[in-house]
There are 2 protein chains.
Amino acid sequence: MLPSIAISLGDINGIGIQLALQNHKKISKVCNPIYCIDKTILNKATDNLNISIPKNFILSGKYKQTSIHPGKVKKDSGQFSYDSFLHAISLAQEKKVDAICTLPINKESWSKAGIHYVGHTDMLRDIFKKNAIMMLGCQEMFVALYTEHIPLKKVASSLSLKKLTKFLIDFTASIDSKKEPIAVLGLNPHAGDNGVLGDEENIIKKAINKAQKLTGETYHLLVPDIAFTPHVRKNYKYFCAMYHDQGLAPLKALYFEESINVSLNLPIKRTSVDHGTAFDIAYKKENIISNKSYINAIKEAIK
Amino acid sequence: MLPSIAISLGDINGIGIQLALQNHKKISKVCNPIYCIDKTILNKATDNLNISIPKNFILSGKYKQTSIHPGKVKKDSGQFSYDSFLHAISLAQEKKVDAICTLPINKESWSKAGIHYVGHTDMLRDIFKKNAIMMLGCQEMFVALYTEHIPLKKVASSLSLKKLTKFLIDFTASIDSKKEPIAVLGLNPHAGDNGVLGDEENIIKKAINKAQKLTGETYHLLVPDIAFTPHVRKNYKYFCAMYHDQGLAPLKALYFEESINVSLNLPIKRTSVDHGTAFDIAYKKENIISNKSYINAIKEAIK
């Protein structure tokens, strides 16, 4: 039997619903998708898109109604995307699906609806009271983030031996293939250049040693701006970045279209596209939406 | 007449001398290279490399002698690379050359020789008492760094309206082509997300406004991890990064081999390869050194 995947539709004013509709046939070959939307909202969206509802498009959940305002930040659409995600989570908790795959939400719409999470991962962390690890990437490389959505000025002080060691151990336990060593990026330019450009690499080295002893895996401390050059990155599949842009700017420079977002270290499996709601092209007839990230997110969910 | 370029050889225990010898014929077609090395040191290097000295290999300067210790950090080689650079600078100051192109030094060797500059750019800044701007890149894109070799924890507090405005104005005055808007990266993840993830973008916005009024150019504040994705980067040639790895990790992920380093905002023109001494492959017969960065650095120097 094909695995069942709950799909939360994300912000109904964005491109999520179009992605779901246009790729239903394709993903149905590898999984049984269950869409967290109801008939009324779906009808409004398909009317606006002028797309008919595909065969065997299974819906789940009851939702507060929302109108469609293509590309607009709205309280109602924020509430719907939250409820759709919450319903997907409940399906996973009740073992009615094997994993969930999420389409992009809009943070401002969440805020308007009184939902104050920074995003999906943050919400999962709160619901499961577990330190979910955010990892983005594709088959060529994955980047896990030690710190995520915090101001840059708080990154250095967020580095602690205890937290980083736990992060490395949790991360290592969450990934399958450990054929290659795991790359761990330094914090400072040139990884501190022996302390001349910062000394936080001492913490990173200690955390690596501790994790190495506990997991038996090999970790390599890399110079951040060299880590993603072709000759170096070919030696690694998994990279641990100390902060958001350190890992995601090179990843997205190299593999933006195909990358996905995976939440690790949780009782449920969740994957996501790595792009946003793309309000600028939502519900426009002439738009061409790359489905690479969505298809890859589904593939990762069914693994 | 072809432009004259002074070439400093960098650390004699690294790959610089081999690059210079093997590419002499090629670069002589576009410039008159003047090598900042003397006959005795050159002979030692060519003996070790088993390469004969090319025709019309013009030397300049007198140097304290140094032995060759392939791939080793040595006081003498540190001193030589410093002297070679200093001589190249003096040739440019005396207008005996049109520009200088530098081969890589080793910072530890400089330190052993009692030279405490962080690198070439730092030394140029001190000699000319001008705030040299460090820019790396290639024809596809160039990245200028607002802060360079400082610990990450000091980056946010280094951002000031006055300094950034001056940086943008100086940078804009230093570059030729301003057909496209200039990309300026935010400091925080998602460029602060309207203040939720940091507020330094307010300073950046103000600096952009001031610079825009003074230079008449257009600057776009970009989200750091999106700036280098294919659809965004195609709109810009010049990027201003707030810190070292923010700009250089994506640049080197995309264009490591062909990138060069250019010092802007100085009375002399200086370009450099973007790689290091490559001690691991220096003086090894089987080594294949990519000359892309060196050739591009020469091409930029003669512009």
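Predicted model: local features only at pLDDT ≥ 70, side-chain atom pairs only at ≥ 80, totals over all residues.
## Salt bridges

In chain A, Asp126(A) and Lys129(A) pair up through a salt bridge, 2.9 Å from N to O (the term means a side-chain nitrogen of Lys or Arg within 4 Å of a carboxyl oxygen of Asp or Glu). Asp126(A) is partly exposed at 32% relative accessibility, while Lys129(A), at 65%, is exposed. Those labels work like this: buried is under 20% relative accessible area, exposed is over 50%, and partly exposed is in between, using a 1.4 Å probe and protein chains only.

Residues are numbered from 1 along each chain as its sequence is written, chains are lettered from A and ligands numbered from 1 in the order in which they are written, and side-chain values use heavy atoms, with hydrogens and water left out.

## Pairs that cross between chains

Over all chains, the structure has 18 salt bridges. One of them joins Asp193(B) to Lys107(A), with the closest N and O atoms 2.4 Å apart. This pair crosses between chains: Asp193(B) sits in the loop between β7 (182-185) and α8 (201-215) of chain B, and Lys107(A) in helix α5 (residues 107-112) of chain A. (Helices, H or I with at least four residues, and strands, E with at least two, are DSSP runs numbered from the N terminus.) Both partners are partly exposed, Asp193(B) at 23% and Lys107(A) at 24%.

Glu200(A) and Lys153(B) make another salt bridge, with their closest N and O atoms 3.4 Å apart. Glu200(A) is buried at 5% relative accessibility, whereas Lys153(B) is partly exposed at 43%.

## A buried Asp without a partner

Asp245(B) belongs to helix α11 (residues 244-255) of chain B. This Asp is buried but has no salt bridge, and the nearest side chain of opposite charge, Lys252(B), is 7.5 Å away. (Lys and Arg count as positive, Asp and Glu as negative; His and the chain ends are not counted.)

Setting aside residues up to four places away in sequence, Asp245(B) touches Pro250(B) and a set of chain A residues, including Leu187(A), Asn188(A), Asp225(A) and Tyr243(A). Contact here means heavy atoms within 4.5 Å.

Phe171(A) lies in helix α7 (residues 161-174) of chain A and is buried, with a relative accessible area of 0%. Leaving out neighbours within four places in sequence, its contacts include Ile133(A), Met135(A), Tyr238(A) and Leu264(A).

## Positive phi at Ala191

Ala191(A) has phi near 50°, a positive value in a residue other than glycine. The residue lies in the loop between β7 and α8 of chain A and is buried at 16%. Over in chain B, Ala191(B) also has a positive phi near 50°, lies in the loop between β7 and α8 of that chain and is buried at 16%.
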